[in-house]
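This report describes the fold, the nonpolar cores and selected residues of one protein model. The sequence and structure are shown below.

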Amino acid sequence: MEQYFGTDIQVRLQRRADEYTSWMYSTAGACHPGRCLGCDDPDELGWEVIIDHLKRDGRFGFRMIPATSIDDIRQRLAAEGFNIGFWNVYTGSGEGILAATEHLVQQPLPEGLAYISEEELLDPKVIEQIQSFLADNGIPPVSGLMLSGQSVNGCTRVIRDRSGAIVATAYGYFAHNIKSRYHQTGWGGLVAVSSKHRGNGLGVIVNAAMLRCCIQKFGAKDFYEQVSAENHISQRMVKRCGLTLDESVLCGLAIPSDTELKLWGK
């Protein structure tokens with residue numbers, strides 16, 4: 001399943017991420033940000049490599065970067081004609097997240113709603129529906145290979161109504177390779193709720209289900225989610241799931257300086 005969705009740029013980046021999956025999971029300093037190539041240790045990966053990818057792709061992700069390194073990264077990128085924006089990072093231990101979310105997954109979903117099964121995620125039509133839902137809610141999707149769990153260890157949780165329409169999503173996976181200090185740390189995001197169902201806690205519920213899947217199925221020891229400083233709704237959501245603000249690290253996205261800097265949604 002090589003399924004891509006979105007604008008020409010988004011599709012191109014999704015395809016590049018799939019093509020370089022093995023590289024990102026085998027190269028020291030590299031990591032898999034999902035929608036493009038990336039790193040969790042710029043110095044280990046090498047700035048020449050980073051700039052080469054940036055010049056070719058126009059996007060490059062930075063994950064779990066020490067806050068003390070941010071100024072140096074900005075200067076290095078600016079010297080090459082690139083800018084970078086950052087998300088705050090919320091982290092939690094696997095044990096703490098399981099304890100915080102147990103009551104969330106024990107309560108039944110609102111009447112008429114149900115989770116899509118894991119088997120259905122192998123259906124290209126279902127994957128396209130999920131990608132379309134994410135795009136409609138302002139979140140650039142990842143590739144079908146990622147959402148279906150065929151290229152990475154990940155969990156996609158999707159809630160739909162009786163008509164089959166998607167009403168909420170969340171996705172988690174392991175972005176870091178075995179050579180990284182974060183190789184047992186999961187990442188969560190792609191949380192979206194349809195406008196008709198907002199305000200009833202579905203975002204927290206679907207996020208909790210995703211977190212628990214990654215912890216229980218794949219053994220995540222720790223977890224993190226990235227949230228912009230202005231997104232107070234998502235901040236409350238991840239806190240209810242047992243994550244707290246970690247001011248020591250940030251996640252970022254580098255783009256050309258002449259391009260509007262707009263971070264992807266939660």
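## Basis of the description

Helices (H or I, at least four residues) and strands (E, at least two) are DSSP runs, numbered from the N terminus. The model is a predicted one, in which local features need pLDDT of at least 70 and side-chain atom pairs count only at pLDDT 80 or more, while totals for chains, interfaces and linings use all residues. Residues are numbered from 1 along each chain as its sequence is written, and side-chain values use heavy atoms, with hydrogens and water left out.

## Overall architecture

Ten helices and ten strands make up the secondary structure of the protein. Its radius of gyration, taken over C-alpha atoms, is 18 Å, close to the 18 Å that the globule rule (2.2 Å times the number of residues to the power 0.38) gives for 266 residues, so the protein is as compact as a globular protein of that length. The C-alpha trace spans about 55 × 35 × 30 Å along the principal axes.

Of the 266 residues, 54% are buried; buried means under 20% relative accessible area, exposed over 50%, and partly exposed in between (1.4 Å probe, protein chains only). Contact means heavy atoms within 4.5 Å. Among contacts with a separation of 6 or more, 69% join residues 24 or more positions apart. The accessible surface, from the Shrake-Rupley method with a 1.4 Å probe, comes to about 11900 Å², and carbon and sulfur atoms hold 47% of this area.

## Nonpolar cores

In soluble globular proteins, nonpolar side chains tend to be buried together. A nonpolar core is here a set of buried Ala, Val, Leu, Ile, Met, Phe, Trp, Tyr and Cys residues joined through side-chain atoms within 4.5 Å. The largest such core has 31 residues, of which M64, I130, L147, Y171, Y173, L190 and Y224 touch the most other members. Two or more residues each come from β4 (82-93), α7 (124-136), α8 (144-147), β7 (166-173), β8 (185-193) and β10 (244-256). Helix α7 gives the most to this core, with five residues. Apart from this core lies another, of 30 residues, including L104, I215, F223 and C241.

Beyond residues up to four places away in sequence, Y171 touches M146, L147, V152, C155, T156, W187, G188, G189, L190 and M210.

Most residues other than glycine have a negative phi. M64, in strand β3 (residues 60-66), has a positive phi of about 50° although it is not a glycine. M64 counts as buried because its relative accessible area is 4%.

L190, placed in strand β8, likewise is not a glycine and has a positive phi of about 50°. With a relative accessible area of 2%, L190 is buried.

Helix α3 (residues 42-45) contains L45, which is buried at 9% relative accessibility. Although 17 residues separate L45 and A28 along the chain, their C-alpha atoms are 6.0 Å apart. Leaving aside neighbours within four places in sequence, the contacts of L45 are W23, T27, A28, G29, A30, G38, C39, I50 and F60.

L98 belongs to helix α6 (residues 94-106) and is partly exposed, with a relative accessible area of 24%. Its C-alpha atom is separated by 8.6 Å from that of A208, 110 residues away along the chain. Not counting residues up to four places away in sequence, L98 touches R212, I215 and Q216.
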